[in-house]
Amino acid sequence: MPARDGGLCRIRLPGGVLHAGQARALAAAASLHASGIIEATNRANVQLRGVSAAHEAALVEQLLAAGLGPQDGAGSLNERDNVRNIMLSPLAGRGVGSLLDTRPLAAALLDMLQTTPAFAALSPKFCLLLDGGEALAATRHAHDIWLAALPADGAGPRLALGLAGCPPAAVRDEPPLAIVRPHQVVAVVAALLQAFLQLARPAQHRMREVLAEHPAATVLAHAQLHVDFALGTDPALANWHRAPEATGLRVGIHAQQSDAGMPTCYYVGAQLPLGRIAAADLLQLADISQGTLHFTPWQSVLIPDLSEARAHATQAQLQAMGLLTDPGDPLASLIACAGSTGCGKAQADVKTDALALAGLLARPQAVHLSGCERSCAAAHSARWTLLAVAPARYDLYQHSDQGGFGTCLAQQLTLAQAAAFINAQPARTDSLDA
Ligand code: SF4
């Protein structure tokens, strides 16, 4: 798609995972056909900016050859790519708190989505959440369909399911609409998508728009017609809520979940400064990982499955590259969108301003700088949001239950004024938590 700084190419990474060989291919493609900068997105994907005119076809061909695109199936390339919109924990199957390894289910869902011709009609914004229960997860952003692992019962693993929202984090939130077993997940998602397509009018692209006219029970009743097992909930789970997230676990060295008797593995998390990495650095990252890189929804990357000694050596290598592995670094807790250098909608150069703000903050604070209300850098509401209203001028919001960016506390602030306001607030130990 066009942008102020040239073409923009978004590359969806299943589960945020980029294999080392794919990272090398991506770095080569970024250098040859685009600006040479790779950006992390808020759905754990990556994008290339500054794609040169007339290079689009060659870029796509190079990416597909590296396995960075949809598989063959029904519909056009774009249609098959658009449906690949499933969010997992960046530590799916590995993270502390994991109740269920969601990776096989995600692969089966992706296969179903790409090969079912009817689902090519879904909007590129239609999204699914498949939550395994990991502490490091982004589950507070509303998804059209969400599934979340529950503690297993006598019959084995099970998942709660809901529409146009997210797993309940408190008892006041919407309870699950249905409870399903892992082997039923692909069928139930396909049934819900068919129900959505039957009920949605042409102008309705998201589940919440359908729910504004039909109760969730109606959508479920339509879905029931497409599966041969009963869709229902468990009254005993009416007050179930998901364990709290710990998004600060994205930076630094942390233990992975390990099976009894197995050695503990570790991962290293590093924030990409302002969500960007140069092609040469991505090559270096691929060499360091020797396996897979896991992009996160917070503009950061993880390298998993390391011994403790290797985790420390890896952290030192990442630090030497300029990646942020210290949660105490104020820049590690800042996220910013492309801003006015890359986007025509931006009211300010938020990337440059974020660097300046990092130097003004007395301690790390989760701050999101957004060039406009579209909030491309963050699907969630950060603790603090600076919404650009003019060059180097921002309205300051604090996260609250009222949705959007939260509560507007002050308007038209300079960066120094915003930093002074934030610095005056009580310190929190979980500075990276959004
Ligand atoms: S949030 Fe607004 S200014 Fe920033 S990249 Fe998105 S559309 Fe552009």
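Modeller: A residue is called buried under 20% relative accessible area, exposed over 50% and partly exposed in between (1.4 Å probe, Shrake-Rupley method, only the protein chains shown counting as cover). The model is predicted, and local features need pLDDT of at least 70, side-chain atom pairs pLDDT 80 or more, while totals for chains, interfaces and linings use all residues. Residues are numbered from 1 along each chain as its sequence is written, and side-chain values use heavy atoms, without hydrogens or water.

By that scale Val60, which lies in helix H2 (residues 56-65; a DSSP run, H or I, of at least four residues), is partly exposed, because its relative accessible area is 31%. Together with Leu64 and Leu77, Val60 forms a nonpolar patch on the surface, and the three share about 180 Å² of accessible area.

A patch of positive charge on the surface gathers Arg10, Lys125, Lys345 and Arg374, Lys and Arg counting as positive and being placed at NZ and CZ. Of these, Lys125 sits in the loop between helix H4 (103-115) and strand E7 (128-131; a DSSP run, E, of at least two), and Lys125 counts as exposed because its relative accessibility is 54%.

As for the cysteines, Cys127 is buried at 3% relative accessibility, whereas Cys376 is exposed at 54%. The sulfur of Cys127 has its closest cysteine sulfur in Cys166, 11 Å away, and so is too far for a bond. Across the whole structure, zero disulfides (cysteine sulfur pairs within 2.5 Å) are found.

Methods. Patches are made of residues with over 30% relative accessible area and no salt bridge: like charges are joined within 9 Å, nonpolar side chains (Val, Leu, Ile, Met, Phe, Trp, Tyr) within 5 Å. A salt bridge is a side-chain nitrogen of Lys or Arg within 4 Å of a carboxyl oxygen of Asp or Glu.
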